[in-house]
Amino acid sequence: MVDKKHIWSLLEQVNDPEVPVLSVVDLGIIRDVREEGPGVEVVLTPTYSGCPAMDAIRMNIRMVLLQNGLGDVKLTTILSPAWTTDWMSDRGKEKLKAYGIAPPLPSQQVCHPGLFQREEAVACPHCNSYHTTLISEFGSTACKSLYRCEDCQEPFDYFKCH
Amino acid sequence: MLDQSTIDYTLHLADNALVLGHRNSEWTGHGPILEQDIALSNIALDLIGQARNFYQYAARLVNGRGVGSEPGKRGARVSEGPGEPSEVTEDTLAYLRDSWDFKNCLLVEQVNGDWAKTILRQFFFSAYQFYFYQSLQQSQDRELAAIAEKSYKEVTYHLRWSSEWVIRLGDGTTESHTRIKGALDQLWKFTGELFVPADYERTLAAKGVAVDVTGLRWLWDERVNDVFQQAQLVIPAAGWEQTGGKSGRHTEHLGYLLAEMQFLQRAYPGCEW
């Protein structure tokens, strides 16, 4: 008998290697945990198709479960429904901000603006100012874009709404 | 029941994404400024990720029906070197097929040239992928539909980024306008192929699996026209259109690209690091 609650709590220990303050549960990429014969099946979905962290995440999930006596683990990757930042937990968003990355705006705001149009103002994670400028829509990883705060002058990453 | 057409079609989609992803990755470390270098590398990563999803699916299809069951056919045939596992993987499909096996359209294999040519190639292809993936989400093949749903969100960024750059260059300085006009003269003849279905596309479109690409033409034209108007560019008059890539007849550029991309696996089969 698999204790799903226990497995979810173990998955909380597996962090995104690129954004180590977020667990895979915070990110919203764990879509299901279910019994699979005598073992367990974890269903996950990638953030972006080319995210290089996914292989490491899969390995780390296996490792953490194995360290806790769960060797019979099936990892299933699904693509649909496609991941959205709306699945990120509120706790995850708070952790991101504390880490210095502006958390994603909810997607009912302008998530995919027209040409030369910008997303609604993104607050600086350092000084909370909305007086910020987009430097580049593509940042250090696929999931982030690069901003600068015009008040405190600090550059920062924005985990973009997707 | 799955047939050779589905394998060919999936490989066509994979090859499109891989070849353009590889071309874009040639800019990594050479972009005009750091932010744009990163932008293009990010787009390359998205495309290679999409390619992986298609190749993994193609590999499952190939393995399911048995490798080499139709020895006379090209398609997904994979050359088997000594010591290679007989099971086909995404890597064998990407690294061990020859240029005549690749089914990508000619547009994506064209050399990078200058920034303007790279931008315009990306814009033409992103505008195509945008409508293509939108439509593929309705495919009867659930795996293809799922990959399309995932990829569509990413292509939205690529299309906006490349559209803005086309406008910036076209409506910029005399120099930038001349450059992108030159790129247009070089690339336009390869855009028609996107909307001319290969045999496997025709077969599968009739079954609701493949997108009927002929139906995307007007959407693409409208989008290109809209951006071109803002960029002070004009769509060239209808002329000669080069085709053949989708059925394995490529320009000379693909061979050089594959020689570089496949070198390691060809020279050291199964090498990992």
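**Figure 1. B:Gln232 is found in the loop that lies between α9 (217-230) and α10 (253-267) of chain B.** The model shown here and in the following views is predicted: local features need pLDDT of at least 70, side-chain atom pairs count only at pLDDT 80 or more, and totals for chains, interfaces and linings use all residues. Residues are numbered from 1 along each chain as its sequence is written, while chains are lettered from A and ligands numbered from 1 in the order in which they are written. Helices (H or I, at least four residues) and strands (E, at least two) are DSSP runs, numbered from the N terminus. The phi angle of B:Gln232 is near 60°, a positive value in a residue other than glycine. B:Gln232 counts as partly exposed, with 14 C-beta neighbours inside 10 Å. In this scheme a residue is buried if 20 or more other C-beta atoms lie within 10 Å of its own, exposed if 12 or fewer, and partly exposed in between, with C-beta atoms placed from the backbone.

**Figure 2. Helix α1 of chain B comprises residues 4-25.** From its first C-alpha to its last, this helix of 22 residues reaches 31 Å, close to the 32 Å expected at 1.5 Å a residue. The expected span is 1.5 Å times one less than the number of residues in the helix. Of the 22 residues of α1(B), 19 are buried, so the helix is largely enclosed by the rest of the structure.

**Figure 3. Chain A contains four helices and seven strands.** Read from the N terminus on, its elements follow the order α-α-β-β-α-β-α-β-β-β-β. Along the principal axes, the C-alpha atoms of chain A fill a box of roughly 55 × 30 × 25 Å. Of its 162 residues, 36% count as buried. The domain assignment gives domain 1 (4-83) and domain 2 (88-159); such bounds come from an automatic or database domain assignment. The C-alpha centres of domain 1 of chain A and domain 2 of chain A lie 26 Å apart. Each of the two domains contributes 11 residues to the contact between them, where two residues are in contact if their C-beta atoms, placed from the backbone, lie within 7 Å. The side of domain 1 of chain A that touches domain 2 of chain A has six nonpolar, three polar and two charged residues. Here Ala, Val, Leu, Ile, Met, Phe, Trp, Tyr, Cys and Pro count as nonpolar, Asp, Glu, Lys and Arg as charged, and the others, Gly among them, as polar.

**Figure 4. In chain A, strands β1 (residues 30-36) and β2 (residues 39-44) pair in the antiparallel sense over six bridges.** Two strands pair if DSSP finds at least two bridges between them. A:Asp32 stands opposite A:Val43 in β2(A). The two strands form a hairpin with two residues between them, and A:Gly37 in the turn has a positive phi of about 60°. With strand β3 (residues 73-77) of chain A, β2(A) pairs in the parallel sense over five bridges. A:Val42 has A:Leu75 in β3(A) as its bridge partner. Between β2(A) and β3(A) the chain crosses through helix α3 (residues 53-67) of chain A, a right-handed β-α-β crossover. Right-handed applies if, with the strands pointing away from the viewer, the path from the first strand over the helix to the second runs clockwise.

**Figure 5. An open sheet of four strands in chain A has the order β4-β7-β6-β5, with mixed pairing.** Strands β4 (101-102) and β5 (132-136) of chain A stand at the edges with a single partner strand each, so one side of each is left without a neighbour in the sheet. β5(A) runs antiparallel to strand β6 (residues 144-149) of chain A, and four bridges join them. Opposite A:Leu134 stands A:Tyr147 in β6(A). The loop between β6 and β7 (155-159) of chain A holds A:Gln153. The phi angle of A:Gln153 is near 70°, a positive value in a residue other than glycine. A:Gln153 is exposed, with 10 other C-beta atoms within 10 Å.

**Figure 6. A:Lys97 belongs to helix α4 (residues 90-99) of chain A.** With 18 other C-beta atoms within 10 Å, A:Lys97 is partly exposed. Leaving aside neighbours within four places in sequence, A:Lys97 is in contact with A:Ala102, A:Pro103 and A:Pro125. A:Pro125 is 28 residues from A:Lys97 along the chain, and their C-alpha atoms are separated by 5.4 Å.

**Figure 7. A cis peptide bond joins A:Ser80 and A:Pro81.** Its omega is about 0°. A:Pro81 lies in the loop between β3 and α4 of chain A.
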